[in-house]
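Please keep the sequence and the structure in view while reading.

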Amino acid sequence: MPRKVGFVLSPDFSNLGLALAIETLFVGNWLAQEKIFAWEVLSADGAAVRASNHLLVPVDGPLPTDMSFETIFVLASFNPKQHAKDRRITSWLRRVARFGVEIGGVETGSEILAAAGLLNGHTAAVHWDNLEGFQERYPDVKAKPTLYNIDRGRLTCAGATAILDMLLHWMGQMGHGDLAEEVGRHMLIGHVRSGGEVQGATDGKDAGRSEEGSQAVRRALAIMRDAIEEPLSCGEIAEKVGLSQRQLQRHFQVYLQSTITREYTRIRLAKAHQLLQQTDLLVTEVAMGSGFASLENFSRVYRGMFGCSPSTDRRQTTSAPVFRHTSVKARVEKSRAGRIPPSRR
């Protein structure tokens, strides 16, 4: 009998995620020339679900009352804080879990699993952009910025292309290793990445390794990220890097075309932005957790960055303000491209 897989769609889910997951199973069946996998697409009420790209995706039916599925994947993307409150899905997931069904969360689908209490004591792979809020809301889950994780009947995936890696690894765990390798070749995957591989989209750690100045900037930024709730002074940061404040300030201007203070504020606002959209913390708590002693100052600086007050930026939707996480590497390279060689000045 084929392994029966259910894909539960939450509003604003990633259509790419659904396509990658189903295509992997389809190619597996096609190559094997037999129905190894059977799947159905489900929603809480059986109605079509609109994806984050606004496509309306039809489903095969509502959440079933029988326990015919062996594996369930929950797909979500935007506004997970709101969708995790849907008791129709969380209650159903708890019920199927009692029957030993394997359950997975794709992208922020993992947050719905966590809201159902199904990830307590488990390690979960969480997309780096949602890691801050996830850790705050679900302290009993070991959240990590890895590609995917399979842990005692729970599968979690950070989303995007990592879905392919997780599905192929999962396929191999079920005894279809040769088939998984062949599917990977057909889908032009050079090799299946391990689940423990850390997501590489955070800060471009290999940026400018050949230049001493850019290394100093990267060290300073790492120090800033480790001291958000109680910010350090520019002098203290420079001292930890091993430079004078003036030297470090000059490096920031050369390599990032910015200042130490401005970059520190960006880092603190990035955390505030995540906490506001991804948690239910009070604005005052977010301000303090981001190193702002004054709520008035926090609101003013936040409005200057995002064009809205912190109190109105509480949902992670496609229309909400976006914080651009430009890597240090990209910014250094852009700065280099704009610099005039000394001999031509």
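Which residues line the largest cavity? They are E107, T108, S110, E111, A125, V126, H127, N130 and F134. The model is a predicted one, in which local features need pLDDT of at least 70 and side-chain atom pairs count only at pLDDT 80 or more, while totals for chains, interfaces and linings use all residues. Residues are numbered from 1 along each chain as its sequence is written, and side-chain values use heavy atoms, with hydrogens and water left out.

A cavity is a set of points, on a 1 Å grid over the protein atoms alone, where a 1.4 Å probe fits but cannot get out, and lining residues have an atom within 4 Å of a point. Grid points are joined across faces, edges and corners, and a volume is the space filled by probe spheres set on the points. By this rule there are 2 cavities of 30 Å³ or more. The largest cavity has a volume of about 60 Å³, and its lining comprises 3 nonpolar, 4 polar and 2 charged residues. Here Ala, Val, Leu, Ile, Met, Phe, Trp, Tyr, Cys and Pro count as nonpolar, Asp, Glu, Lys and Arg as charged, and the others, Gly among them, as polar.

The second largest cavity, of about 30 Å³, is lined by P64, D66, M67, S68, F69, I72, W92, V96 and V101. That lining divides into 7 nonpolar, 1 polar and 1 charged.

Pockets are open sets of points with protein on both sides within 12 Å along at least five of seven lines. The second largest pocket has a volume of about 350 Å³. Of its 18 lining residues, the closest to the centre are F78, D129, N130, Q316 and V322. By class, this lining has 5 nonpolar, 11 polar and 2 charged residues. Helix α11 (residues 260-278) gives the most to the lining, with 4 residues; helices (H or I, at least four residues) and strands (E, at least two) are DSSP runs numbered from the N terminus.

The account now turns to the sheet. Seen in order, the open sheet of 7 strands runs β5-β2-β1-β6-β7-β11-β10, with mixed pairing; two strands pair if DSSP finds at least two bridges between them. Its edge strands, β5 (61-62) and β10 (148-151), each pair on one side only. Strands β7 (residues 102-107) and β11 (residues 154-157) pair in the parallel sense over 4 bridges, and G104 stands opposite L155 in β11.
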